[in-house]
Amino acid sequence: MKLSTFEIAKRNFRRTPFRSFCLVLIIMLFSLLLFVGSVLSFSLANGAKSMANRLGADIMVVPAGFDPHIDSILLSGKPSTFYLPANAMNELVRIKDDVGILEISPQSFLATLRASCCAYPVQLVGIDYDSDFIVKPWLTNTLHHELRDGEIIVGHHVTGEAGETLTFFSKNLSIAGRLEQTGMGFDSMIFMNRATLAILSKEAERIRERPLTNDGSLTSVIMLKLKPGYNSVTSSREINRLLNEKGIYALFSKKFVNSISESLNNVSNSIRYVLIIFWVMAVIIAALIFAMTVSERRKEFGVLRTIGATRGKLIRLCLAEIFMTSSYGALIGVVLGGVIIAVVRPYVIEALKLPFLLPDVEKLILLAAISMALSIITGLVSGAWSAFKAGRYDIQEMTKGA
């Protein structure tokens, strides 16, 4: 029975399990790291893009001294309750023409409790539906009417489907829809109109037995959109100059986005460096193993030559074995990488504190295919020299000492 090159390669693979295991392990580790690193890098890039698209305000106005905590709210969805002075809206309306404000939209935050009055601890956000230009654009495919009193829109990660009810501060709220995934803290928030949040706030004060604010204000953040031609940096500085003493601080969104982008670039660069270093190590180690393997198999190759195998046949045999071990390693690495991504994704989001949005299924499949292809190519590159060296041996040299 005449055996094909791949049949012989398959038998050699099974005949030397330890050697085959070492080669598969090297390629598997590279494939795993390449796939996981690529998915992580794409997810961070998607999250940053989503943040830039969703954060449609030029300026965010927050309570003075609270601006360092804004990232924990927008990025992680950490439940928080804080409020601007009661006259903040009036003050901004008063100076809107001086600083170039085009649109003003207030939002109210209320953190729920880990108690029987609430389904679970989460950040509640009350929006002014008439003036909102941040959340409303997300609802085009979700909500086909105005957000009514007692209705809520849940973030992508919040448990509950349209038509069901959730209870917060002993009030039952009807789920009207669900937001698309953003990769930010918005995925863990619940949105409602400000009238509904005001009702919940009164109940929260009763349950907590203390007022939320001293002046009765329920405005946490005010989103500002500027008129064309106005610079967010200049306008925010002017707002701070005029209103800082009244407990109001303007944070221009570009500063926030740039800060996140810088962190993203640092993480992405670290991933690239690790991949490059590991690729070099994988090539060197795999090449050494292939070289040792060829050297140990001189007699075997000599026997094949004496029974009629050509130099080209030996080269093809070695390349077939390399391709087989690389394919096994690449496939196992990608599968393990997929499992790792599924398991550790929540912990990665928590650890990085950065926008994190996984690519869609089609892109994940494409990344897996590219990772496998590059891993197989890496294996072939590592073993090519050894394969051609095997083809250059003459019969006397290979059978010496036999």
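This is a predicted model: local features need pLDDT of at least 70, side-chain atom pairs count only at pLDDT 80 or more; totals for chains, interfaces and linings use all residues.
Student: What is the strand order of the open sheet of nine strands?

Tutor: The order is β5-β6-β4-β7-β3-β2-β8-β1-β9, and the pairing is mixed.

Student: Why do β5 and β9 stand at the edges?

Tutor: β5 (165-168) and β9 (248-252) each have a single partner strand, so one side of each lacks a neighbour in the sheet. On average, neighbouring strands of this sheet are turned by 35 degrees against each other, direction ignored.

Student: What makes β3 and β7 a pair?

Tutor: Pairing needs at least two bridges. Strand β3 (residues 123-127) and strand β7 (residues 189-193) are joined by five, so they pair. They run parallel. Within them, V125 stands opposite F191.

Student: Which strands does helix α5 touch?

Tutor: Helix α5 (residues 194-208) packs on the sheet and touches β2, β3, β5, β6 (171-178) and β7. Its direction makes about 35 degrees with that of β2. Helix α4 (residues 88-99) lies across β1 (59-63), β2 (101-111), β8 (221-226) and β9, at about 155 degrees to β2.

Student: How do you know that the span of α5 is close to the expected one?

Tutor: The expected span is 1.5 Å times one less than the number of residues. α5 has 15 residues, so 21 Å is expected. From first C-alpha to last, α5 reaches 20 Å, which is close.

Student: What follows α5?

Tutor: E209 does, and its phi is positive, near 60 degrees.

How values were computed: Residues are numbered from 1 along each chain as its sequence is written. Side-chain values use heavy atoms; hydrogens and water are left out. Helices (H or I, at least four residues) and strands (E, at least two) are DSSP runs, numbered from the N terminus. Axes are lines fitted to C-alpha atoms, for helices over the stretch in contact, and angles run from 0 to 180 degrees between N-to-C directions. Contact means heavy atoms within 4.5 Å.
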